[in-house]
Amino acid sequence: MTIADNGRGISEASRKHLSEPFFTTKGMIGTGLGLWVTKQIIEKHQGTIQVRSSIRGLRRGTTFSIILPVDFR
Ligand SMILES: Nc1ncnc2c1ncn2[C@@H]1O[C@H](COP(=O)(O)OP(=O)(O)OP(=O)(O)O)[C@@H](O)[C@H]1O
Ligand SMILES: [Mg+2]
């Protein structure tokens, strides 16, 4: 599953901290838990989450891809 936006993008410096709990750039209105909880749930299901982001130009925005295994048993 891929979710993409054309928002402000995420700087390289911020990208390094995305999976840390309580990392937020939203000051008092962000908990910094959204992505951390998301990643924990995905990894509990043996999945992975990837992020691609650009902060300038026409391609500005962020794409998150979630890959989950399928069990056919
Ligand atoms: N789609 C996005 N576009 C730009 N920045 C993002 C995006 N998603 C996450 N971020 C950045 O990653 C940080 C951490 O995101 P996370 O969802 O974990 O917490 P939050 O959004 O700050 O808080 P909350 O989840 O409580 O709203 C954000 O503060 C923001 O800087
Ligand atoms: Mg969030």
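Me: How many bridges pair β1 and β3, and in which sense?
Reply: β1 and strand β3 (residues 61-67) pair over four bridges, in the antiparallel sense. Strands here are DSSP runs of E with at least two residues, helices are runs of H or I with at least four, and both are numbered from the N terminus. Two strands pair if DSSP finds at least two bridges between them. This is a predicted model, where local features need pLDDT of at least 70, side-chain atom pairs count only at pLDDT 80 or more, and totals for chains, interfaces and linings use all residues. Residues are numbered from 1 along each chain as its sequence is written, while chains are lettered from A and ligands numbered from 1 in the order in which they are written.

Me: Which residue of β3 is the bridge partner of T2?
Reply: That's S65.

Me: And what's the strand order in the sheet?
Reply: β1-β3-β2, in an open sheet of three strands with antiparallel pairing. β1 (2-5) and β2 are the edge strands, each pairing on one side only.

Me: Switching topic: where does F22 lie?
Reply: In the loop between α1 (12-15) and α2. F22 has a positive phi of about 75 degrees, though it is not a glycine.

Me: Is F22 buried or exposed?
Reply: Exposed, because F22 has 10 other C-beta atoms within 10 Å. The cut-offs are 20 or more for buried, 12 or fewer for exposed and partly exposed in between, with C-beta atoms placed from the backbone.

Me: Which helix gives the most to the shell around ligand 1?
Reply: Helix α2 (residues 34-44), with three residues.
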